[in-house]
Amino acid sequence: MGTEFRSQLGRVGIFGGTFDPIHNGHLEVASAALRTHCLGEIIFVPARRQPHKDARPKASAEHRLAMIGLAIGGTPAFSVSDCELKRPGKSFTIDTVRELGQQLGQATEIFFIVGSDSVSDLPAWRDVRELSNLCTLVVAARPGWPLDSLDALPHHLPAERVAAVKRAAIRSTSSAVSATEVRRRVGSGRSIAGLVPDAVANYIARNKLYRVT
Ligand code: ATP
């Protein structure tokens with residue numbers, strides 16, 4: 001899985017996250033990135049373990065991967081890679097962009113997608129300067145995390161890269177859904193209809209995921 005990308009399409013998005021589980025906010029952001037940046041493909045990359053999150057994912061890698069597959073099944077431009085799940089240790093974005101960049105080839109322009117809640121963490125990301133040279137960082141506005149946070153980036157990145165990040169940002173705000181809220185609702189027996197695709201909700205119920213939060 002994840003080695004046969006449609007690299008000839010030239011502009012490829014990489015969307016990393018825990019996806020525990022994937023939800024409609026993720027799908028909205030990916031669709032907006034596809035449209036805004038005329039991407040040929042977006043590769044969802046579930047993390048084995050995110051460096052900036054203390055807690056381990058609640059669902060196994062297999063379940064998270066399966067739920068992504070169900071959520072993106074109807075969208076030919078969306079694919080999934082298990083490269084971070086296979087790589088031992090914490091999942092650093094720079095390693096993923098280097099690895100997928102090699103597979104996609106030098107002619108492919110890479111766009112790495114993050115929600116605006118991640119901007120404050122960016123300076124602490126491993127090799128963030130090199131990362132900003134290897135790809136365009138696409139920051140998607142998430143309710144509660146205004147894009148004003150981009151103004152703090154000049155302390156950490158060269159001015160022309162900051163300008164590129166600002167130009168590439170997705171300003172239309174996505175829904176306020178979070179994976180934490182999805183897990184909480186399942187844990188307290190409430191409906192998650194409208195927060196995740198139906199196929200994902202059915203998968204969570206069938207496999208009894210997130211019953212204990
Ligand atoms: P959790 O609630 O468990 O922390 P999450 O909902 O933030 O999870 P992640 O899988 O950690 O989901 O997110 C992956 C990426 O998607 C991150 O860059 C995050 O900022 C972004 N993201 C998640 N939900 C949204 C949303 N509703 N709008 C915009 N970006 C989002």
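I took helices (H or I, at least four residues) and strands (E, at least two) as DSSP runs, numbered from the N terminus. I worked on a predicted model, where local features need pLDDT of at least 70, side-chain atom pairs count only at pLDDT 80 or more, and totals for chains, interfaces and linings use all residues. Residues are numbered from 1 along each chain as its sequence is written, and side-chain values use heavy atoms, with hydrogens and water left out.

**Entry 1: second largest pocket**

I looked up pockets on a 1 Å grid over the protein atoms alone: a pocket is an open set of points where a 1.4 Å probe fits, with protein on both sides within 12 Å along at least five of seven lines, and lining residues have an atom within 4 Å of a point. Grid points are joined across faces, edges and corners, and a volume is the space filled by probe spheres set on the points. The second largest pocket holds about 180 Å³. Helix 4 gives the most to its lining, with 4 residues, and helix 5 (128-134) supplies at least two. Among the lining residues I noted V97, R98, N133 and L134. I counted Ala, Val, Leu, Ile, Met, Phe, Trp, Tyr, Cys and Pro as nonpolar, Asp, Glu, Lys and Arg as charged, and the others, Gly among them, as polar. By that scheme this lining has 3 nonpolar, 6 polar and 1 charged residues.

**Entry 2: largest pocket**

I read a volume of about 970 Å³ for the largest pocket. It is lined by 47 residues, and Q50, H52, K53, D117 and S118 are the closest to its centre. Strand 4 gives the most to this lining, with 4 residues. The lining divides into 20 nonpolar, 16 polar and 11 charged residues.

**Entry 3: ligand**

I found the ligand in the largest pocket (more than half of its atoms lie within 2 Å of the grid points). Strand 1 (11-17), helix 1 (24-36), strand 4 (109-115) and helix 7 (179-187) each give two or more residues to the shell around the ligand. I listed 23 surrounding residues, the closest being K53, D117, S174, A179 and T180 (a heavy atom within 4 Å). The shell has 6 nonpolar, 13 polar and 4 charged residues.

An N or O atom in the D117 side chain is 2.5 Å from a ligand oxygen. A polar side-chain atom of H26 lies 3.0 Å from a ligand oxygen. For A179, a polar backbone atom is 2.8 Å from an oxygen of the ligand. The protein buries 91% of the 600 Å² that the ligand exposes when taken alone (Shrake-Rupley method, 1.4 Å probe).

Key:
A polar contact is a pair of N or O atoms within 3.5 Å; within protein, one must be able to donate a hydrogen and the other to accept it, and residues adjacent in sequence count only if both atoms are side-chain atoms.
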